[in-house]
Amino acid sequence: MRIAMIGTGYVGLVSGACFSDFGHDVVCVDKDESKIEALNRGIMPIYEPGLDRLVASNVRGGRLSFTTDLKTGVDGADAIFIAVGTPSRRGDGHADLSYVFGAAREIAEALTGPAAIVTKSTVPVGTGDEVERILREVRPDAQAWVVSNPEFLREGAAIEDFKRPDRIVVGTEAEEAAEILREVYRPLYLNKAPLLFTSRRTAELIKYAANAFLATKITFINEIADLCEVVGADVQQVSRGIGLDNRIGAKFLHAGPGYGGSCFPKDTLALLKTAEDNDAPLRIVESVVAVNDARKRAMGRKVIQALGGDARGAVVALLGLTFKPNTDDMRDAPSLSIVQALQDAGATVRGFDPEGIEQARPLMANVDFFDNPYEAAADADAVVLVTEWDVLRALDLGRLARTMKQPILVDLRNIYPTQDLEQAGLRGYSVGRPQRA
């Protein structure tokens, strides 16, 4: 099939590359000329493991191409995916749908034949109705059907998630569109990936509900971690104990500094605004958002406490800056709040990250960045493990202790057992474990 992917951000680029790997003819469209020029030279705008090789392979195979010309991209397409950004709108937290509606209008003007117009971007309930209104207004004669097909990709594992999904959700009331989407996803359907057809509004809500629930699990275990520290319990054992219950499951029950990234923060806010506008308040999600926001800065206070309650003049090295490993995404990363809290307390902050330094630079003023974790830790009063990159899972703890001014390590991801830190001569402070004097 011929597929047009409007938007070459995280979702659009990964989806387009994977569709082309299934054998479809895919054209990715973006207005950013520099981005398209870079993609045509094989330079990826994001870091996602394996994406550069996947793109290169399918470009060589003639199945994947990039252009700034939407009309060319849409010409003859069976399915046109809208995968543009939907950031939180300043002032009220609503999803900014201007890019979606702008793309819908341009697509309508460029249509050359029957097509499914598929919203891949994360959008509030009812967005598809407005996309359809725009379509009918611009091209009342068009034979086209508006579909919701939310993505469920994890940054750092997006290609695997796309090719081996838990489920594929398709929201449409039109059988013509359903047939097109069945053909688009036929390679996955043959591999027994569940293909769930729903109404369009239901599909739109599934995405938000899923992300809000996962954010709730993360926030729940983080609050349990705080209780564990006070009562002398171990949150990792608590997580295992409740995660073995099949009704609960072990995923997203790892205590840490709070969630961040491109999805959970903005999607929970957008869901709250939708609920508020429809007089159906979501009190649990409201609490999740409030607790998560407070937790990030609280992690900065945890570091200050490890320094004896006074960080003025101290040098603190943050190891891992992105919101999670295997991505360069700094959006709403906990490290941003931690840096601010430490700097407000008078500390000098250093940073190390395997992939995120260039993205972190404009967001972290007065931070010194290093290409090596040991260089960042040299003569530091404390080291903070913020993101659980593989390169940080097997540090030479003895070397780390010897290079530091004070051997204080604050492990916000519970990477290292307390006894390992003590054997290396480090005073360890972790999340949700009994704190030793």
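Me: Which residue follows α1, and what is its phi?
Reply: Gly23 follows α1, and its phi is positive, near 110°. The helix is a DSSP run (H or I, at least four residues; a strand is E, at least two), numbered from the N terminus. The model is predicted, with local features requiring pLDDT of at least 70 and side-chain atom pairs pLDDT 80 or more, while totals for chains, interfaces and linings use all residues. Residues are numbered from 1 along each chain as its sequence is written, and side-chain values use heavy atoms, without hydrogens and water.

Me: Why is α1 called mostly covered?
Reply: Buried means under 20% relative accessible area, exposed over 50%, and partly exposed in between (1.4 Å probe, protein chains only). In α1, 11 of the 12 residues are buried, among them Tyr10, Leu13 and Phe19.

Me: What makes Val230 exposed or buried?
Reply: Val230 lies in helix α10 (residues 200–231). Its relative accessibility is 71%, so Val230 counts as exposed.

Me: What makes β11 and β14 edge strands?
Reply: Two strands pair if DSSP finds at least two bridges between them. The open sheet has 6 strands with parallel pairing, in the order β11-β10-β9-β12-β13-β14. Strands β11 (367–370) and β14 (427–430) each pair on one side only.

Me: How do you know that β9 and β10 pair?
Reply: Parallel strands β9 (residues 315–319) and β10 (residues 348–352) are joined by 5 bridges. The bridge partner of Leu319 in β10 is Phe352.
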